[in-house]
Amino acid sequence: MTASAQPLDDLLDLLDLERIEQDIFRGESRAAIVPRVFGGQVAAQALVAAGRTVPADRPAHSLHAYFLRPGDPGAPIVYTVDRIRDGRSFTTRRVVAVQHGQPIFHLSASFQVYEEGLEHQTDMPPAPDPETLPTGAELLPRYADRFVAPDALDRLLEARAAVDLRYVEEPPYGTAGTPREPRSQVWFRTDGKLADDPLLHVCLATYVSDMTLLDSVLLAHGRGGWAVGDVVGASLDHAMWFHRPFRADEWLLYDQESPSSSGGRGLGQARIYTRDGRLAITVIQEGLIRVPRG
């Protein structure tokens, strides 16, 4: 693994799990914007664990996951891989993440030998070039006075330091109080070059996919989000389908929308395109979203 920036080096180290038995791995944790382990970290680490038990000629094509309990950032996470099936074309793995003797996360992932087949895709929606948009370090300080915690801005910038993530329009905390169309777009890439390991690129896209997907739910209701303090919530489940090869260190457009929210839950769905318009990934996530009492 190679990278040019220290935050990306740290993230790559976080994803480089320790093998403690044949199908058992251990990963370190770190705090997120909220005082629990970032869901994208657990999902990416679980996919790393699954991928390390699969032949290299079988890239991941889908994952389905449930977040069961909040992760403790002060404790390591143990990932146990169950080799469900090794077929001629497909390989299936199930991963359980455990902390303090209890499962906190469950993932099923499928891997497939490359083969030719029918091809079509939805067109990439219009979006401005990422170079014309402000970086996170340029954009986020504009909203510092809206964050409820004095260190919220620092924690937000630190959590995203390894990723160059640029909003096409203002993020939810920029327009809190004004409902908008439940749709948002961001461009993202890692802040540095990566090695040519396809599993690494898939795992890093999984990590980033949990950062902004529920923003579209918040936009529909004029809510600013966790940093603003007008909602509380957490990821409940997460699914991804990897359609075509891509690199996480090259610009990817994350086109996100929310078709529904009800029952204290909000649904986000998205497509991720390469800069030249190829549909690389489809993502769907449901999250717990509650308005604080009082």
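This briefing describes side-chain contacts in the structure above, grouped by the kind of contact. The structure is a predicted model. A search of the whole structure finds 17 salt bridges, and a search of the whole structure also finds 5 aromatic pairs.

**Salt bridges**

- Arginine 94 and aspartate 82 form a salt bridge in which the closest N and O atoms are 2.6 Å apart. Because arginine 94 belongs to strand S5 (residues 90–99) and aspartate 82 to strand S4 (residues 77–86), this pair ties together parts that are 12 residues apart in sequence.
- Arginine 275 forms a salt bridge with aspartate 129, and here the closest N and O atoms are 3.9 Å apart. Arginine 275 is placed in the loop between strand S11 (265–274) and strand S12 (279–290), while aspartate 129 is in the loop between strand S6 (102–112) and helix H3 (136–139), so the pair ties together parts that are 146 residues apart in sequence.
- Arginine 275 is partly exposed, its relative accessible area being 38%, and aspartate 129 is likewise partly exposed, with a value of 43%.
- A further salt bridge joins arginine 265 to glutamate 286, with 3.0 Å between the closest N and O atoms. This pair links distant parts of the chain, since arginine 265 is in strand S11 and glutamate 286 in strand S12, 21 residues apart. Arginine 265 is partly exposed, with a relative accessible area of 36%.
- Salt bridges that share partners also join Lys193, Asp196, Arg247 and Asp249 into one network.

**Aromatic pairs**

- The rings of phenylalanine 147 and tyrosine 173 have centres 5.4 Å apart and planes at 80°, and the pair is therefore edge-to-face. The two residues link distant parts of the chain, with phenylalanine 147 in the loop between H3 and helix H4 (152–159) and tyrosine 173 in the loop between strand S7 (163–167) and strand S8 (183–190), 26 residues apart.
- Phenylalanine 147 is buried, with a relative accessible area of 8%, and tyrosine 173 is buried as well, with a relative accessible area of 7%.
- Together with Tyr143, the residues Phe147 and Tyr173 form one aromatic cluster.
- Phenylalanine 188 and tyrosine 254 form an aromatic pair that is also edge-to-face, with 6.1 Å from centre to centre and 70° between the planes. Phenylalanine 188 lies in strand S8 and tyrosine 254 in strand S10 (residues 252–262), so this pair ties together parts that are 66 residues apart in sequence. Both phenylalanine 188 and tyrosine 254 are buried.

**Surroundings of aspartate 197**

- Aspartate 197 is found in the loop between S8 and helix H5 (198–212), and this residue is partly exposed, with a relative accessible area of 36%.
- A polar atom of the aspartate 197 side chain lies 3.1 Å from the backbone nitrogen of leucine 199.
- From C-alpha to C-alpha, aspartate 197 and alanine 56 are 9.1 Å apart in space, although 141 residues apart in sequence.

Key: Residues are numbered from 1 along each chain as its sequence is written. Side-chain values use heavy atoms; hydrogens and water are left out. A salt bridge is a side-chain nitrogen of Lys or Arg within 4 Å of a carboxyl oxygen of Asp or Glu. Helices (H or I, at least four residues) and strands (E, at least two) are DSSP runs, numbered from the N terminus. Buried means under 20% relative accessible area, exposed over 50%, partly exposed in between (1.4 Å probe, protein chains only). Rings of Phe, Tyr and Trp (its six-membered ring) pair if their centres lie within 6.5 Å; planes under 30 degrees apart count as stacked, over 60 as edge-to-face and the rest as tilted. A polar contact is a pair of N or O atoms within 3.5 Å; within protein, one must be able to donate a hydrogen and the other to accept it, and residues adjacent in sequence count only if both atoms are side-chain atoms.
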